[in-house]
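Here are my notes for your first read-through. Keep the structure open beside them and check each point as you go.

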Amino acid sequence: MKRNNLSVVNKIVQYSSAVKQPKVGFYSSLNHTHLPAVLLDWGSLPHYVVLRIFQYLPLIDRARASSVCRKWNEVFHIPDLWRKFEFELNQSVTSYFKSTHPDLIQQIIKKHATHLQYVSFKVDSSTESAEAACNILSQLVNCSIQTLGLISTAKPSFMNVSKSHFVSALTVVFVNSKSLSSIKIEDTPVDDPSLKILVANNSDTLRLLKMSSCPHVSSDGILCVADRCQGLRELALNYYILSDELLLALSSETHVNLEHLRIDVVSENPGQIEFHSIKKQSWDALIKHSPGVNVVMYFFLYEEEFEAFFKEETPVTHLYFGRSVSTAVLGRIGLNCPRLIELVVCANNGLQTLDTQLICIAEHCKNLTALGLSECEVSCSAFIEFVRLCGKRLTQLSVMEEVLIPDDEYNLDKIHTEVSKYLGRIWFPDVLPVW
């Protein structure tokens, strides 16, 4: 790799417009001339150039390149290359992605743990992989991690790990980092005591916390985070730990403006019908304190479980329904969600069209810019009226062709022309591919 590709030099000399055509015999004598060392000796490249190249290489290629020469090996160990690292852990029998080699993991722990700043763990569905991630976490005692992410690529495998093992490993990072700003620990057995340790050591730096589907965290645990971490700007959690007290804590004068609040609404127990309500005064306090906050809600409920929602004004901005939602609920959204920006409906019970509800949403939700519809029914006339009311502010419109029902005024052949006219751009309904 050092001095073997003179044809590259030949092509540069031959085709460069800045160099005259060489005389006969030039190439035959090329080996006997003193070309600049930088062209022939890759080891002479400046460190900053090699570092820049290494930053674009996959880890395995970077490791191979480090064996070319001593200088490249030195660059391989420069701290800048190890500030960001993703540990990929899987069992080869059950996973499709490559796993980080155990020898490399040990090398990182021994030589580069102090350099790690942006760390993530990607694990497959096996408990063994999640336990391996915990073992690595427990060894990061000399780290200064700023962002930490635990990612399960399939089912939440961290939930199968012993709670004591997981919490013990996680608190090693919480105690030793002292500068954590972003933590994504969704679908894990993190608990209230470990959150208190997080707050005790990182309250001044924490800006983002994503912890949806963490069943061992209570409303008191998340309230402790909101009270102490005054710089928290993004928060993701389950609805069952959302409380009036939490919203008021996020609205205190000493707390920075919240930018993003994600709420996953999932049945805590199978067959659960009743959900607690959040007072309008608590929502109002949050919006008064953080007027630009995005309130994102994901619903994974059955129709009979929506009783507690949208009866009063709710400042939600992004609303996603993963299961069937009734026309009654959609009607309440049109009347009580004036800040709505994006709405996605994956299914409706199909007994009635959504004509009235969509038009109500268009009339009252003046900030709506995106709509997605699937497995429901809307008449072509009502849909065109909805688009006319929204106009060009509707920048994203994804509607399956099966949703649109022809009527006396419009059919599927005409609808795209009318919709395109009001949007100011070409639009067609989405069509499922036929394989």
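1. At roughly what angle do the axes of helix 8 and helix 9 cross? Bear in mind that this is a predicted model. Helix 8 covers residues 163-177, and helix 9 covers residues 192-202. Their axes cross at roughly 10 degrees and come within 8 Å. Angles under 35 degrees count as roughly parallel, so helix 8 and helix 9 are roughly parallel to each other.

2. Now look at the contact between these helices. Helix 8 contributes Val 167, Thr 171, Phe 174, Val 175 and Ser 177. Helix 9 contributes Ser 194, Ile 197, Leu 198, Asn 201 and Asn 202. Five of the contact residues are nonpolar and five are polar. None is charged.

3. Zoom in on one pair. Strand 2 (residues 118-123) and strand 3 (residues 147-152) share six bridges, in the parallel sense. Tyr 118 has Thr 147 of strand 3 as its bridge partner.

4. Finally, the largest pocket. Its space is about 620 Å³. The lining has 22 residues; Leu 59, Phe 85, Glu 86, Glu 88 and Thr 100 lie nearest the centre. Helix 4 (59-65) and strands 1, 2, 3 and 4 each supply at least two lining residues. By class, the lining has 10 nonpolar, seven polar and five charged residues.

Key: Residues are numbered from 1 along each chain as its sequence is written. This is a predicted model: local features need pLDDT of at least 70, side-chain atom pairs count only at pLDDT 80 or more; totals for chains, interfaces and linings use all residues. Side-chain values use heavy atoms; hydrogens and water are left out. Two strands pair if DSSP finds at least two bridges between them. Helices (H or I, at least four residues) and strands (E, at least two) are DSSP runs, numbered from the N terminus. Axes are lines fitted to C-alpha atoms, for helices over the stretch in contact, and angles run from 0 to 180 degrees between N-to-C directions. Angles under 35 degrees count as roughly parallel, over 145 as roughly antiparallel, 65 to 115 as roughly perpendicular and the rest as oblique. Contact means heavy atoms within 4.5 Å. Ala, Val, Leu, Ile, Met, Phe, Trp, Tyr, Cys and Pro count as nonpolar, Asp, Glu, Lys and Arg as charged, and the others, Gly among them, as polar. On a 1 Å grid over the protein atoms alone, a cavity is a set of points where a 1.4 Å probe fits but cannot get out, and a pocket is an open set with protein on both sides within 12 Å along at least five of seven lines; lining residues have an atom within 4 Å of a point. Grid points are joined across faces, edges and corners, and a volume is the space filled by probe spheres set on the points.
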